[in-house]
Amino acid sequence: MRDDWGIIVQRALSPELPRGWRESAPWGYPDQAELAVIAGVFAAQLPQATAEEVAGSYMMARPGRMLDDLHELADIPVEQLAPMLGPAWGTTRVLGVPRMRAAVIHDAARVLAAEGVRTARDYREATGDDARAIDGALQRVRGLGGVSSEAISTMMQAEHAPGPLVVGYLRRLLGDEGDALTDADVMPLVRATARRLTVQPRTLLYALWQIVDIETELEEAAAVFAARQGQASAATFPAGGADDCEIGVCDDLATAAGEPEAPETAPATRVAAE
């Protein structure tokens, strides 16, 4: 990695960082791997407060334990684990996958244990500069993806090497030199930039995931808006203009353009980007 890349990225990134980004990364459970896996699975699709609520329910259901042994979590049958996660969320299913989160958590603990990851410290050592083995193991679990493994890493306080979207973002920040950034350079660059910003690498990684997540959502919304605008123009606008907009179409266009939805239909905020 070139010595000046950290300076280039720090200067290009600083105006993009959201207000309060230094405090936004959750503390997580750096010495309690069981809680980190549980909270990470929930935090991938639900607000941080919900993830902490579920982790707290599990902690209360297992008093007097250190909760840093994934073998123990994997040994709990799903039908027993679900009520430990609390009455509000214990039987909920993963969004888009007809599978209980309790079953996903059980399998995540099982595959990590099979990889030799038993404690939070084991997890941090296993991810290190190359998290591909852990990512691969977790993504074999039905209901887990790239966001989930990064969310679990956040809860473990692990410096999880970022995925392709964040790497692409770093290359854009480097400008003309971005094509020279290799996979081996990514974590040294993140650490060098974090030093210049006087934060831990995991805090910077969390901010990068947030930025890329927002960019991805805006790009998706713009694409939907453009497609629907063309459809609506052809189907409903030619004769009478926008005043004759087909019922429902204009509302969809407004939503795609970024206007807020009613609170009862607003989507949950994701923790990390794919």
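**Notebook: cavity and a helix pair**

I looked up the lining of the largest cavity and found S153, T154, A158, R202, L205, Y206 and W209. The model is predicted, with local features needing pLDDT of at least 70 and side-chain atom pairs pLDDT 80 or more, while totals for chains, interfaces and linings use all residues. Numbering starts from 1 along each chain as its sequence is written, and side-chain values use heavy atoms, without hydrogens and water.

I took a cavity as a set of points on a 1 Å grid over the protein atoms alone where a 1.4 Å probe fits but cannot get out, with lining residues having an atom within 4 Å of a point. The count came to 1 cavity of 30 Å³ or more. The largest cavity holds about 30 Å³, the volume being the space filled by probe spheres set on the points.

I then sorted the lining by helix (a DSSP run of H or I, at least four residues, numbered from the N terminus). α10 (146–156) and α13 (201–235) each supply at least two residues, and α13 gives the largest share, 4 residues. By class I noted 4 nonpolar, 2 polar and 1 charged.

Next I looked up helix α7 (residues 101–114) against helix α9 (residues 132–139): the angle is about 140° and the axes are 9 Å apart. The contact (heavy atoms within 4.5 Å) is made by A108, V111 and L112 of α7 and I134, A137 and L138 of α9. I classed these contact residues as 6 nonpolar, no polar and no charged.

Methods:
1 Å grid on protein atoms, 1.4 Å probe; cavity = no way out; pocket = protein on both sides within 12 Å on 5 of 7 lines; lining within 4 Å. Nonpolar A, V, L, I, M, F, W, Y, C, P; charged D, E, K, R; others polar. Axes fitted to C-alpha atoms, helices over the stretch in contact; angles between N-to-C directions.
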